[in-house]
Amino acid sequence: MNPSKESIGNNEGPTRRFNFNTVFGLVFFFLSVVLFFIIPDQIEKPLFVLDENENALEPSLFPRLVAAGFGGLGLWLVFISFSIREENKLRNLDRQAIANVLVTLLVMALYTPLLMQVGFVVASALVIAALSTFFGNKSYGVTAVVSIAVPISIFFVFTKFLATYLPPFPIDTPLTRLYIL
Amino acid sequence: MWESFLLGAEMAMRWDTFAIMSVGLLLGMFVGALPGFTTVMAMAILLPLSFFLEPLIGIPFLLGVYKGGIYGGSIPAILVAMPGTGAAVATTFDGPALTKKGKARKALEMALYSSVFGDLSSDIVTIMFIGPIALVALKIGPPELMAILFLALIVISATSSGVFVKGLLMMVVGLFFGMVGQDPIGALSRFTFDIFAFRAGIPLLPMLIGVYALPEILNAIENKATDMIRQTINSREGGALTFQEFRSCFRTICRSTVIGTVIGMIPGIGQVVAAFMGYAAAKNASKTPEEFGKGKLEGVAAAEAANNAVNGPTMVPLLTLGIPGDNITVILIGAFIAQGLRPGPQLMAEQGPLVFAILVAMVCANVLFLIIGYFAIPLFAKVVSIRKSILLPLTVVFAFAGSYVPRSDPFDLFVLVGFGAFGYIAKKLKFDVTPMVMAFILGTELEYSFGQTLILAQGNLAHYIFFERPITAAIVLGTPLITYLLWRRSSRLRREVAAKLSDENSS
C-alpha cells in the first residue's frame, strides 16, 4: 500500500550523534551571523528623509529579527538533533536515482534558454521527447505525436484563448498572416 | 450581509462559471486518480490559468480542481489499493477488499455519494458562518492582525509534518525570502545583492509551482517513470449501490461530515487526519467493528465523507482573516492576490457579494460533482494505468508555460527550477515547505502591521498592547499555549495514523 503523502511521524532510522540535522542547525546559525554582517549593506538608504518618525519601523529591524530567528532556531536544532531520529532520504538514494534526478534538473535548466531561442513549441517538443525517452518510454510514435500535439495545444490555449504571451513557434508569424493559427 | 448573499447568489448563476467548474472538477478527478500526483500539484500547475480569467470564473475553476482532486484519489484507492492523494489513505482500508469481493462499483458509488454529501453540507455551514466571523474580523486593527498572523504562522509550523523547530526554521526561511525586494513601508530595496531581477522580489507563482509540483516529478523519476499499475481494472464490476445500502451508512456519513467540518476550520490539520478520525469514529460506533478493514461499505463512506467535508470550512480563515490553513489554501490565496483581491477582514466588507458568489458557486459545484463523478468513474478508472513516462514530461512543460506567462520573464523559469530543487531536497530532509510558503505570503503583511502597531504605540509597545489592546494581549499570551496544545494533538494524531498504517501493512 502506498504510504500517505502527508509526512507522518518522525523517529525513524538509527540514532547518530552527529547527523544532517546537526549540520543544518549549524548552517542556519552561520547564516544568522552572516545576515547580521550584511544587513547594513543590503538595505538601501533613502536619498533624503522629510519627517523622521522615531517610532516608525526601521527597514533593518525586521531583517534583524529574522536573523536572530535563524540563530536561535539553528542552535535549538543543533541541541535537539542528537535526540531526534530522522532518516536522511538523500543519503539513501542510489546512483541511478541521483543520476535520474540530476539529468531531469539539467534538462529543466536548459529548457529556459532553449525556449527563448527556438520558441515554446519546438523547445517543448524536444524536452518532451528527451525526457520521455529518458524515462523509459519506447513507443516512439506515441512520443512523436504527443511531443508535437501537446505543445501546440498549450501554445494555442495560452496565446489565443487566454491572450497571453509565449515565445512564438518559429513560423507563428507567417502562419498568423495566413490566418492558419 | 443577507443582501450581499442574495446578490452573490445571483452573480454566481452563470453558465460560464458552471462550465469552468465542470472542467476543473474533471481535471481534479483526473489528477486525483493518478497515483503520485497530488491535488496541490494540480492546483499549483493550473493556477496560472486562473490569472487570466475573471474572479468568478478563475477561482471556481480552482475550487473545482480542489474538490475533484480530493475525491479522485479514492478511485485508485478502491480499485488498486493505491491512494491517489493522501486524503484517500483511509479509503484503502476497506475499498480494495470490496473490489476483491466484486463490489467495486458499489464502493466507488458510495465514495462519490458520501463525498458529495460531506462536501455539500460543509459548504452550507461555511456560508452560514462566514458572515458573522467576517463581522468580527472587521473590528480587527493592525495590532490584532499582527498577533493573528504571527499566531497563524506559529500554528502552521507546529502542525506541519516533521519536527517543530524545523517547521519554525522553514517559516523563518519564508520570512527571509519575503524580504527580498522592497520593504513594505518605505519601499527601500533589501537583499537584492545587486541583481536587478530581485528588485521586484521573488515571484510567487514560480515559487509555488516549484516547491509543490516539481518535487513530485523528481520523486517519481527516481526509479524512472515505471508504470504504477499493470493489471486490468473493471470499475463496473458488481451491481449499483442500492438506496438501502446508502441509508444504512447515513448516520456514519453525517458523523464524518461533522468531524470533517470542524477539522476544516482549524488551520494545519487537513484531510488526512479528518479521514482517519472519521473512520475511527465509525468503527468505534459500529455494532460490528470486526468487519471494518474487511470490505465494509461504511468504512469507505466514513473516510470519504470526512475528507471531503474539510473542503469548505478551510475557506473560513482564508477569506475572513487572510490566513491560509494548509498548502491548498496557500495556492488559493495566490489566486485571489492575482485577481486583485486581498483575503482578509476588508474583503467581505468591500467585495461581499463576490465572496458569497464564489461560495455559492462552490455549493453548486457539488451538484456538478455528483453528475460528472457518476459518469466519469469508468474513465478515471483507466487513468490509473496511464504511462508516467509520458505524463511527467507533459507536466514539466505545463509548469514552465504556467510560470512564464504572468510576467513573460525568463528569470521566473530559473526561480521555478531553483525552488523545485529546493523543495525536493527539503522533502528528502524532512523540512516541510508549507510554513515557508505561508511565511513568504504573510510576511509582508506581518511586517506592515508590525510597523503600524509601532507607530500607534508611540514608543511604548508593551504598555500599548497589554493595556490598550486586550484582544492583542490575549492572542500574544495565548500563542504559546495554543501552539503547544495543537502541536501535541497533531503529533499524537500523526503517531496514531502511523501506527494504523503499520498495522495495516503488517496485516
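Trainee: Is V396(B) buried or exposed?
Mentor: V396(B) is buried, because 24 other C-beta atoms lie within 10 Å. Buried means 20 or more other C-beta atoms within 10 Å of the residue's own; exposed means 12 or fewer, and partly exposed is in between, with C-beta atoms placed from the backbone. This is a predicted model: local features need pLDDT of at least 70, side-chain atom pairs count only at pLDDT 80 or more, and totals for chains, interfaces and linings use all residues. Residues are numbered from 1 along each chain as its sequence is written, and chains are lettered from A and ligands numbered from 1 in the order in which they are written.

Trainee: Where is V396(B) found?
Mentor: In helix α19 of chain B, residues 388–404. Helices are DSSP runs of H or I with at least four residues, strands are E runs of at least two, and both are numbered from the N terminus.

Trainee: Which residues is V396(B) in contact with, leaving aside neighbours within four places in sequence?
Mentor: M108(A), V127(A), L131(A) and I217(B). Contact means C-beta atoms, placed from the backbone, within 7 Å. Also, the C-alpha atoms of V396(B) and I45(B) are separated by 9.2 Å, and the two residues are 351 apart along the chain.

Trainee: OK, chain A against chain B. How many residues does the contact take from each?
Mentor: 65 residues from chain A and 75 residues from chain B. On the chain A side, α3(A) gives the most, with 10 residues. That side divides into 42 nonpolar, 18 polar and 5 charged residues. Ala, Val, Leu, Ile, Met, Phe, Trp, Tyr, Cys and Pro count as nonpolar, Asp, Glu, Lys and Arg as charged, and the others, Gly among them, as polar.

Trainee: New topic. Which residues touch the most other members of the largest nonpolar core?
Mentor: M43(B), A44(B), L62(B) and L208(B), out of 208 residues. A nonpolar core is a set of buried Ala, Val, Leu, Ile, Met, Phe, Trp, Tyr and Cys residues joined through C-beta atoms within 7 Å. Helix α18 of chain B, residues 345–383, brings the largest share, 18 residues.

Trainee: And what is L62(B) in contact with, beyond four places in sequence?
Mentor: Among others, G24(B), M43(B), L332(B) and A335(B).

Trainee: How many helices and strands are there in chain B?
Mentor: 23 helices and 2 strands. Of its 507 residues, 62% count as buried. The C-alpha atoms of chain B fill a box of roughly 70 × 50 × 45 Å, taken along the principal axes.

Technical notes. Contact = placed C-beta atoms within 7 Å.
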